[in-house]
Structures are given as structure tokens and as C-alpha cells.
Amino acid sequence: MEIKSRNEIDPKYTWDLTRVYKDDAAWEKEFAAVAGEAAEYGKLAGTLCNGREAVLSNLNTYFDLNRRLSSLYSYAMMKQNEDTGNETYQAMNDRASTLLGTVMAESAYLSPELLSLPEDVLEAYAVDPDFENYSVFLHETIRQKPHVLTQEGEQILAMSMDTLTTMDAASEMIRSLDLKLGKTRGDDGKLAPLTDASFILFLESTDRNVRRLAFTKMMQGYGSMGNTFAALYAGQIKADIFTSRVRKFGSSREASLFEDEISESVYDSLIEAVHGGIGTLDQYLNVRREKMGLSHLHMYDLYCLGEGSFEIQPDIEEAFDIFLKAVAPLGKDYVKDASRALKDRWIDVYENKGKRSGAYSTVGAYGVSPYVLLNHKKNYDGLSTLAHEMGHAMHSFYSNKTQPYAKADYAIFVAEVASTTNEILLNEYLRKVYKDDKDAQIMLIGTLLEHFRTTVFRQTLFAEFEHEAHRLAENGESLTQARLNALYLEIVKTYYRHSCTVDACVQTEWMRIPHFYSPFYVYKYATGFCAAAALAQNILSGDPEKVASYRRFLTLGGSMAPIEELKIAGVDMSTPEPVCRALDYFAELVLQYQELLG
Ligand SMILES: [Zn+2]
């Protein structure tokens with residue numbers, strides 16, 4: 001099918017950005033105003049010692065400037081995403097980035113000057129009712145204090161940033177450009193290029209030889225650059241250790257988790273609880289193995305689902321309608337608020353020539369509405385993506401409506417909870433609708449089980465690997481290719497030794513994962529999914545108090561520590577309990593799956 005140009009798309013199904021700025025001229029006018037005010041703001045350096053009024057007025061200006069800047073930035077980004085080849089919006093986007101840099105530079109004095117005030121003064125501001133909007137920001141500044149260096153130290157650290165991010169950039173260059181993976185054989189027996197994008201398609205093939213060859217070639221391809229990848233990752237780990245020590249943290253993991261105010265015990269108890277679920281993972285993979293008619297599974301068999309013939313094909317109106325019905329357990333007003341998204345044009349629905357691929361939700365402009373970019377496809381995946389992105393959008397909608405700008409942004413630790421909760425509600429709803437359709441049940445449960453495996457088990461496996469690798473380096477061991485490969489293989493075996501034949505070639509898989517260059521990040525996918533699975537059960541229990549707690553969580557933005565927000569939602573992530581509950585849900589799904597296929 002021919003992809004349409006942007007101007008051939010029914011405007012009804014495009015997002016309405018005129019609510020952010022009437023037109024580009026209005027954006028230009030605001031851009032000039034914000035640039036002027038940024039320069040004025042810079043001149044306030046050195047005035048924070050002038051007392052309460054000076055600090056309050058400075059913070060008012062600072063957050064107002066940032067609010068206006070983020071609208072400028074979002075508008076330019078969304079316009080550019082409509083058609084990435086459009087040079088006007090490319091330029092606007094570049095200018096917005098530059099302005100962001102300018103505002104950061106002009107406001108660089110803020111934190112150090114605040115920290116130079118006597119601590120009791122700063123603490124008094126943080127609880128002063130007139131500073132209410134900024135209490136989180138002020139508490140956060142105080143919390144950071146033990147890890148902030150002298151002015152000279154901060155300058156040196158800032159200057160070293162380019163060097164410290166080189167490993168990430170270099171590994172990305174190898175993965176996306178320099179590494180040649182060669183060709184593999186497709187279903188038709190013909191040679192076809194193997195790339196990171198085509199890899200998954202080969203792994204989904206029902207022909208085992210196609211899967212095996214693609215997998216082996218991929219792992220060997222990465223392995224051919226193994227010494228380089230090991231040197232880069234060891235360098236990244238050294239950089240993580242360096243910054244954590246300079247900032248006086250006990251370990252690189254403690255330093256990474258500090259940002260979200262998460263204690264290391266949360267990380268450890270995730271791993272421990274997930275290990276407890278490996279028996280159920282074995283059981284699940286055993287069902288899959290029997291379904292595929294294989295005597296034993298290899299790692300390259302895991303992505304071949306072959307869920308059968310069932311598929312739903314909702315167009316966007318139908319998909320949106322299904323989504324609204326699926327989230328009905330969240331209450332009438334949630335449904336009413338969410339229903340505005342399509343008719344008020346928060347969503348850019350269809351693919352068009354040059355449009356950014358994938359899907360996302362963005363806060364857009366504070367006080368306007370969130371926006372959602374889709375490339376809607378008429379299948380379950382398209383429907384699920386809609387529910388996911390609307391989860392983010394409604395979280396932003398309620399947070400922005402309830403919180404002042406300075407407290408509206410939610411942390412990454414909680415970011416995937418609302419989106420995943422919606423996905424699970426959708427899956428549960430469709431299973432009720434198609435309760436007598438066996439193919440539908442197999443597809444829906446199978447999809448959810450895979451989501452579980454790749455998010456909870458796989459990401460925790462990654463989390464375990466990066467933690468061990470950092471620990472080895474902190475204990476002075478040198479991280480060679482052989483050491484990292486052996487470590488990775490050992491951890492993969494922990495998860496898969498009972499259900500699969502773990503071929504040694506999988507030992508280079510860690511080289512493919514770009515997230516390892518954002519240390520201690522992936523565990524949040526696993527905790528977020530477990531929180532969502534537990535919360536979806538709460539919501540579906542129909543207990544109005546549990547629904548109300550979850551709804552309150554959606555309004556909290558960044559007004560509290562992430563773990564406290566989730567406690568309000570109904571899950572205490574400082575204990576392994578929610579992870580165990582999620583794993584119980586997984587076990588229940590495995591049983592149902594087994595019965596369906598039995
Ligand atoms: Zn998401």
C-alpha cells in the first residue's frame with residue numbers, strides 16, 4: 001500500500017498543535033521573548049543571598065522560563081516528527097535545542113548559589129507555604145548536597161563529560177554503522193541481509209533452520225568485535241565508578257539509584273524474587289516447546305510464537321472504542337476524560353511519508369494537553385500501543401491538571417506503570433469479549449506471557465549482569481571479553497538451563513544491548529511491569545478504594561519520591577511482595593495457557 005503524504009491525511013486524525021501556538025509566527029514571537037528572558041535571568045546570578053523575596057522571585061522566574069521553554073521545544077519536536085525531512089521544522093528543532101542549552105547555561109548558578117545558603121535557611125524555604133510549588137525542588141537540592149562538589153570540582157566534572165560518554169557513542173557507531181553482519185537465509189531459501197531490524201523477523205520464522213542460522217550469525221557477528229565491545233563496556237563501567245566515587249557514593253549502583261531515591265535492596269529483592277519464578281518460566285517454556293512439537297528448545301526458538309489464525313483488525317475509531325471499554329474499571333470520569341483524546345485531536349494517528357516511526361506520548365505543553373504520536377496499524381499490536389500511549393497521556397493529563405509545573409513531571413521509575421496497566425486491562429477485557437474463542441485466548445494469553453518473559457525475566461537478567469560486572473570491576477578485576485562472556489553465559493544459564501539448551505554462542509548477546517551504557521536503568525522495566533501487573537489486579541478486583549488509590553497515583557506527577565507514589569497507588573516496591581504477586585499472575589496465566597493447548 002502506498003504511504004500517504006501528510007496533506008492527504010484527514011485532519012481529524014492529526015494532532016492539533018494550534019492549541020500550543022496559533023501558528024509558526026506565534027512560536028517565533030515566543031522564542032524571541034524566551035531568549036530575551038533567559039539573558040535577563042542570567043543577570044540574577046549573585047542575588048540569591050539577598051533574602052527570601054529574592055529567592056522566591058528567582059524561582060518563579062526560573063520555572064516560568066522552563067515551562068515556556070518546554071512548550072517551545074515540544075512544538076518544534078512534534079512538528080518535525082510529522083515530517084522529518086521538513087527543513088523548516090528541522091531548523092526550529094535545532095534552535096529549540098540551542099535555546100535549551102542557553103537557558104541551562106544562564107541558570108547554571110542556581111543550584112550552587114542555593115547550596116551556598118545556610119542549610120537551615122534552605123530548609124525553612126522548603127517548608128514555607130509561599131514556596132509550596134518549589135518544595136520538591138528545594139528538598140531535592142538539599143538531598144543532593146552531600147554529593148555536590150566544590151565549584152572547581154563541578155567544573156572539572158562538567159568538562160570531563162564529553163570524554164566519559166565516548167564509550168556509549170562509540171558502541172552505538174559500531175552497532176549501527178561499522179558492524180557488518182553479512183547475510184542469512186530467509187524462509188524462501190534466498191540470502192538476505194542480516195541487520196538488527198531484520199533479526200526479529202528471522203527469529204519469528206516457523207523454519208527452525210532460518211532461526212538457527214540468523215541467531216548464530218548475529219551472535220558471531222557481535223563476537224567478531226568482542227575485544228572492542230569488552231574494552232568499551234569496561235570503559236563505561238570505569239566511568240560509572242569514577243563519577244560515583246568522585247560524588248562520594250558507596251558504589252556505582254548506589255549512585256545510579258540515588259536519582260530515583262531507590263535503595264539498593266529494591267534491586268536485590270527484585271532479582272531474588274524473579275529467581276523464585278524461574279520454575280514457572282520453565283513450565284511456560286515447556287508448554288511452548290510442546291506446542292511447537294520440539295524435543296528441546298534452543299534460545300533461537302524463543303521468539304517463534306506462531307500464535308495461530310486469530311487477529312482483530314480495528315480501525316482507529318473501533319480501536320479507540322475498545323480501549324475506552326477496556327479502561328472502564330478505572331471509572332466513568334477516566335473514560336470521559338480519555339474520550340476527549342480522539343475528538344480533541346491529541347493523537348496523530350496514521351503513518352505518512354517522512355513521519356517519525358514508532359509511537360510515543362509527550363507532556364506537550366503544560367496547561368494545554370498531552371499529545372500522542374502513533375503509526376496506527378489495524379491489529380492487536382496497534383490496539384495495544386494505543387492503550388499503552390494513552391496510559392502515559394492520562395498520567396500526564398491528571399498530573400498536569402493537579403500539580404504545579406514544578407511538580408508535574410513524573411520519574412522514570414514510575415513512568416511505565418500507567419502505560420503497562422492499561423495494556424493489561426486491555427488484554428483482560430478482550431479475553432472476556434472473546435471468552436468462547438479458543439484461538440483468541442491463545443493469542444491474547446500467549447502475547448501477555450511473552451511480554452512478561454521479555455520484560456520481567458529478560459530485563460532482570462540484564463540487571464543482574466550489569467550489577468555483577470560493576471561489582472567485579474569495583475573489586476579490581478579486569479573485564480576482558482572472556483570474563484564478560486563467561487559472566488553473561490552463566491547468568492543466562494541461571495534463567496534458562498532447565499528449559500532450554502543454552503548454546504555457548506549466546507555469550508556475546510550482551511554486546512547488542514545499548515541500555516548497558518545507561519547504567520542500572522533496565523531494572524526499572526521489570527519493576528514497572530510488576531507494579532502494573534499487581535495494580536491491574538487491584539483495579540479488576542472492583543474494590544472502589546483500590547481504584548481510587550490508583551487514580552490518586554495518576555495525579556501525583558513528581559510531587560513525591562517514586563516509591564512513595566507507588567505505595568499510594570497500592571504497591572510497596574520496597575518489599576518483594578508486588579514482584580511475587582506479579583509472578584503469581586504469571587503462573588496463573590501459564591496454567592490457563594497449558595489448559596488451552598492441552
Ligand atoms: Zn511507554
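Visitor: How much area do domain 1 and domain 3 bury between them, and what share of it is on carbon and sulfur atoms?
Guide: About 2,200 Å², with 53% on carbon and sulfur atoms. Buried area here is the accessible area (1.4 Å probe) that two parts lose on being put together, summed over both.

Visitor: Which residues of domain 1 lose the most area to domain 3?
Guide: Tyr 13, Trp 15 and Arg 19, together 32% of what the domain 1 side buries.

Visitor: What kind of model is this, and how are residues numbered?
Guide: The model is predicted: local features need pLDDT of at least 70, side-chain atom pairs count only at pLDDT 80 or more, and totals for chains, interfaces and linings use all residues. Residues are numbered from 1 along each chain as its sequence is written, and side-chain values use heavy atoms, with hydrogens and water left out.

Visitor: Where are the domain bounds?
Guide: Domain 1 is 6-148, domain 2 is 166-179 + 225-308 + 442-517, and domain 3 is 311-405 + 415-433. The bounds come from an automatic or database domain assignment.

Visitor: New topic. How much space is in the second largest pocket?
Guide: About 1,700 Å³. A pocket is an open set of points on a 1 Å grid over the protein atoms alone, where a 1.4 Å probe fits, with protein on both sides within 12 Å along at least five of seven lines; lining residues have an atom within 4 Å of a point. Points are joined across faces, edges and corners, and the volume is the space filled by probe spheres set on them.

Visitor: Which lining residues are closest to its centre?
Guide: Ile 200, Glu 204, Asp 381, His 451 and Thr 454, out of 42.

Visitor: Why does that pocket lie between domain 2 and domain 3?
Guide: Because both domains give residues to its lining.

Visitor: Which helix gives the most to that lining?
Guide: α20, with 10 residues. Helices are DSSP runs (H or I, at least four residues), numbered from the N terminus.

Visitor: And cavities: how many of 30 Å³ or more?
Guide: One in the whole structure. A cavity is a set of points where the probe fits but cannot get out. The largest cavity holds about 100 Å³.

Definitions and conventions: Helices (H or I, at least four residues) and strands (E, at least two) are DSSP runs, numbered from the N terminus.
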